[in-house]
Amino acid sequence: MIRQSSIGETESFKEDITVLKHCDNKNASENGQSQFRNAQRISVPSRQTPFKSPRFLSVNIDKPTQSNDKQLGRHSSTRSPHNSDRSISGTFVKKECARCFRPSNVSKRNNQKTVVLVDEEELETAVADQVDQNIRDTKIYYPSRDDPEAIEICYSDMQCLTPESYLSSTIMNFYIQYLQKPTSSKATERCDFHFFNTYFYEKLKRDVLSKADKETSFVKFRRWWKGVNIFEKAYIFLPIHESLHWSLVIICIPDKEDESGPIMLHLDSLGMHSSSIIFDDVRSFLIGEWKFLSQERDPPEIPIADKIWKKLSQKIGEKVIEVPQQRNEYDCGVFVLFFIERFLDKARDRLKAEDLTMFGRQWFRPQEASSLRKKIMDLLKQEFKRAYEEGKCISDR
């Protein structure tokens, strides 16, 4: 019996040695390739990932995967005559073979290995989100910071361009400035146009027309168009904002040969504003400027016939223009901007009486004006992106 037990123990020992040799040989032949593949799968070059949005995956290497179990089972398939010896040797074999499958490039922490996997889509999203946030934090000045009439615009100002929103003065003034930007050969003719911003009309009423001494107040008010000969211009655009509604006045100065005075046009896409009150206010503005220039020792050249100029206060015409009507209560600002854009595109150098026939309910389709929201939104997004990229280039130098 003693001899049989020794023989059994010897056979079991040989079996363990055979298994260990097999494992060591497999390790020698596959360890380099296995580690290389693991390194490729786990390691990501830092130059390609300056920002990371990682996913973390904890792996307990001491618990072999299913594929490892199959290999271990194959190596320990020979049964020992003695269960206790087999249990000890089997445990030894499992621990040794587990070393064959341990990645060499992961750090130990509490006997567990943490493998960092970088999701490329999440990385791109994180970078895009950061850029987008930086753009949103950018503030722009249009057309430029150096322009005395530059408009300060924040990204949040574009909220009023969303559907069913009323346009703000900031957005109105941005697009009015944009329309003055030379974009074609015809744009060179726009030196004969003058654009007041959306605050002009309210300032005129508050700082001049409501004062007792209107003439003195008017002289101070002239700073709004300092250096500009109003009567020399072919067209003067004056946005009107009252009672949460926008409308437009266009002052037209005809040719000298026409022997007619200025004519005021009022365009209202809802008919909410009182044209008669607005005409009276704008007429007071024109008469105030006429009086001031008439008192000048060296008055500028005026493209208006002398006999008309001498009695200008009686020669200012007015006309309410029939225009396409908006189909909701919030597109009035968009319509005013579209009025200006369409008029600039169609009007000739100086207004003729027959030119008034261009207007009417069929002048354009209401949908055309409503679609202007998207165009302005796209323009502003380009401006913010350009300002961000220019600022980034300066900071990177």
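Reader: In what order do the five strands of the open sheet come?

Author: In this predicted model, the order is β6-β7-β8-β9-β10, and the pairing is mixed. β6 (193-195) and β10 (317-321) are the edge strands, each pairing on one side only. On average, neighbouring strands are turned by 20° against each other, direction ignored.

Reader: How many bridges join β7 to β8?

Author: Eight bridges link β7, residues 235-242, with β8, residues 245-252. These two strands run antiparallel.

Reader: And which residue in β8 stands opposite L238?

Author: That residue is V249.

Reader: Turning to the helices, which strands does α8 lie across?

Author: Helix α8, made up of residues 275-294, lies across β7, β8, β9 (263-267) and β10. The helix runs at about 145° to β9.

Reader: How do the axes of α6 and α8 cross?

Author: The axes of α8 and α6 (residues 200-209) come within 11 Å and cross at roughly 70°. Angles of 65 to 115 degrees count as roughly perpendicular, and the two helices are therefore roughly perpendicular to each other.

Reader: Is that crossing left-handed or right-handed?

Author: α6 passes α8 in a left-handed crossing.

Reader: Which residues meet there?

Author: From α6 there are F200, Y201, L204, K205 and L209. On the α8 side, they meet I277, I278, D281, S284 and F285. By class, this contact has seven nonpolar residues, one polar and two charged.

Methods:
Residues are numbered from 1 along each chain as its sequence is written. This is a predicted model: local features need pLDDT of at least 70, side-chain atom pairs count only at pLDDT 80 or more; totals for chains, interfaces and linings use all residues. Side-chain values use heavy atoms; hydrogens and water are left out. Two strands pair if DSSP finds at least two bridges between them. Helices (H or I, at least four residues) and strands (E, at least two) are DSSP runs, numbered from the N terminus. Axes are lines fitted to C-alpha atoms, for helices over the stretch in contact, and angles run from 0 to 180 degrees between N-to-C directions. Contact means heavy atoms within 4.5 Å. Angles under 35 degrees count as roughly parallel, over 145 as roughly antiparallel, 65 to 115 as roughly perpendicular and the rest as oblique. A crossing is left-handed if the near helix is turned anticlockwise from the far one by less than a right angle, and right-handed if clockwise. Ala, Val, Leu, Ile, Met, Phe, Trp, Tyr, Cys and Pro count as nonpolar, Asp, Glu, Lys and Arg as charged, and the others, Gly among them, as polar.
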